[in-house]
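Colleague: Could you pick one contact in this model and take me through it closely? I'd also like to see what lies around it.

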Amino acid sequence: MYSTAAAKAKRRAAHARPELSDEQKQEIKEAFELFDTNKDGALDYHELKVAMRALGTDLKKPEVLKLLRDHDKTGDSLLVYDDFLKVMTERILERDPHEEIRRAFNIFDEDKTGKISFKNLRRVAKELGEVLDDDEIQAMIDEFDLDNDGEISLNEFIAIMSEE
C-alpha cells in the first residue's frame, strides 16, 4: 500500500505535462530574436508568420490574425516573447513525432518513389552545404538499408530517426 505522499507523487507524475527541451526553447528564442526585425521586443503579423514557419508551423492568415487577437494585451496587434513562447510551446508539444518524421522523409523523397535514393541523399546534402563524396553517401545508405535494395524506405527512415 502506498503512503499518502507516494500516492500523490504517482498521481502528479501520471498527469505531468510534457515539456520542451532546452534546445527547443533556445530555438524558439532565436527565431523570435531573428524575426523581430525592428528589435522592438514584439512580433507583428508578418514577423510572426515567418517566425512560426521557421519553427515548422505554417498557419493561414486568419489563424495568425486570431493568435494576435487572442494574445494582444495592448491593442497594437503585436505578440511579445512570453506569449510567443507559450504559443510555440503548445504547437510543438501537439505535434505527432511520426508525422514529423514522415514530413522529413518527403523532403528527401523528392521524386515521390517512396524511397530515398543515392541521388536524393546527394541533393539534400548539397542543399544543406554538406560536402560528402559518393563513397560517404553510399556508406550512409548501406548502413541503414536493412532490406538491401540500395535505397532507404520510410520504415528504415523511421528506424533511423527514432534511434536515441
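This is a predicted model: local features need pLDDT of at least 70, side-chain atom pairs count only at pLDDT 80 or more; totals for chains, interfaces and linings use all residues.

Modeller: Gladly! Residues are numbered from 1 along each chain as its sequence is written, and side-chain values use heavy atoms, leaving out hydrogens and water.

Helix H7 covers residues 118-127 and helix H8 residues 134-144 (helices are DSSP runs of H or I, at least four residues, and strands are E runs of at least two, numbered from the N terminus). Their axes lie 10 Å apart, at an angle of about 120 degrees (lines fitted to C-alpha atoms over the stretch in contact, with angles from 0 to 180 degrees between N-to-C directions). The two helices are therefore oblique to each other, the class left over after roughly parallel (under 35 degrees), roughly antiparallel (over 145) and roughly perpendicular (65 to 115).

Which residues in H7 and H8 meet? From H7 come Phe118, Leu121 and Arg122, and from H8 Asp134, Ile137, Gln138, Met140 and Ile141, with contact meaning heavy atoms within 4.5 Å. By class, that makes five nonpolar, one polar and two charged residues (Asp, Glu, Lys and Arg are charged; Ala, Val, Leu, Ile, Met, Phe, Trp, Tyr, Cys and Pro nonpolar; the others, Gly among them, polar).

Now for the cores, sets of buried Ala, Val, Leu, Ile, Met, Phe, Trp, Tyr and Cys residues joined through side-chain atoms within 4.5 Å. The largest nonpolar core has 20 residues, and Ile28, Leu55 and Phe84 are among those with the most contacts inside it. Helices H2 (22-35), H3 (45-54), H4 (61-71) and H5 (81-94) each supply at least two of its residues. Apart from that core lies another, of eleven residues, including Leu121, Phe157 and Ile158.

Overall, the chain has nine helices and four strands, and buried residues make up 29% of its 164 residues.

Note on methods. Buried means under 20% relative accessible area, exposed over 50%, partly exposed in between (1.4 Å probe, protein chains only).
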